[in-house]
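Reader: Got a model I'd like to walk through. Can you take some quick questions?
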Amino acid sequence: MNIGILGGSFNPVHVGHMMLASYMCQFGGFDEVWLMLSPLNPLKVNSSELIPDVTRLKMLEIAIGNTPGIQVCDIELSMPRPSYTVNTLRYLAKRYPRHTFRLIIGSDNWKIFSQWKDSEMILSEFGVVIYPRPGYPIGTVYDDGADVVNAPTADISSTFIRNAVARGKNMEFFLPRGVYDYIKSNKLYGIKA
């Protein structure tokens, strides 16, 4: 199977994440897309707003439900931290030798991809599929192992969701079904009861 790996903090998972995963699974040439929960992004080490891994994992599970072709990947939760994508991809390739894995990243991450640990190895061993993010034009990509997909975009971020929730705004239509109820019932992100 051809698996797309879409990693992130998912703090929280929102409709933009799910829309992208669905698009990549249905139109991006992947048999499945795995949403890989990152416990600690090395480029975001000082993130004080990161809620516990198990809580973000639960929201991912709620968001996905029984959606065909989209899975939760929690493998990085059991790996050494900080988690480096190259190590995770190599581990997945060993654990699932019948699958091929490609990394899915936004154009915002593509701009800083050279800062990732062993970025050239990721390109040569696995490949990268780049999708557009508002405010980060992709331009022409000449790197071997990198492809661009013109997936639909949603100008939404987890930071926007967290800030809106903390200000008492209703985020029901910005979050996958059930996730907003989970945030409210667990009083996450400073939501008022």
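Reader: Start with C25. How far is its sulfur from the closest cysteine sulfur, and which residue holds that one?
Author: This is a predicted model. The closest cysteine sulfur to that of C25 is in C73, 15 Å away, which is too far for a bond.

Reader: What cut-off applies to a disulfide?
Author: The two sulfur atoms must be within 2.5 Å.

Reader: Is C25 buried or exposed?
Author: C25 counts as buried, at 15% relative accessibility. C73 is buried too, with a relative accessible area of 5%.

Reader: Which residues are buried in helix 1?
Author: G16, H17, M18, L20, A21, M24 and C25.

Reader: How far apart are the end C-alpha atoms of helix 1, and what span should its residues give?
Author: They are 17 Å apart. Helix 1 covers residues 15-27, and at 1.5 Å a residue its 13 residues should span 18 Å, so the two agree.

Reader: What follows helix 1?
Author: G29 does, and its phi is positive, near 85°.

Reader: New topic. Where is T88?
Author: T88 lies in helix 3, residues 85-95.

Reader: Buried or exposed?
Author: T88 is buried, with a relative accessible area of 0%.

Reader: Which residues is T88 in contact with, leaving aside neighbours within four places in sequence?
Author: With those neighbours set aside, T88 is in contact with M36, I75, E76 and M79.

Methods:
Residues numbered from 1 in each chain as written. Predicted model: local features only at pLDDT ≥ 70, side-chain atom pairs only at ≥ 80, totals over all residues. Heavy atoms only, no water. Helix = DSSP H or I, 4+ residues; strand = E, 2+ residues; numbered from the N terminus. Expected span 1.5 Å × (residues − 1). Buried < 20%, exposed > 50% of the residue type's maximum accessible area, 1.4 Å probe, protein only. Contact = heavy atoms within 4.5 Å.
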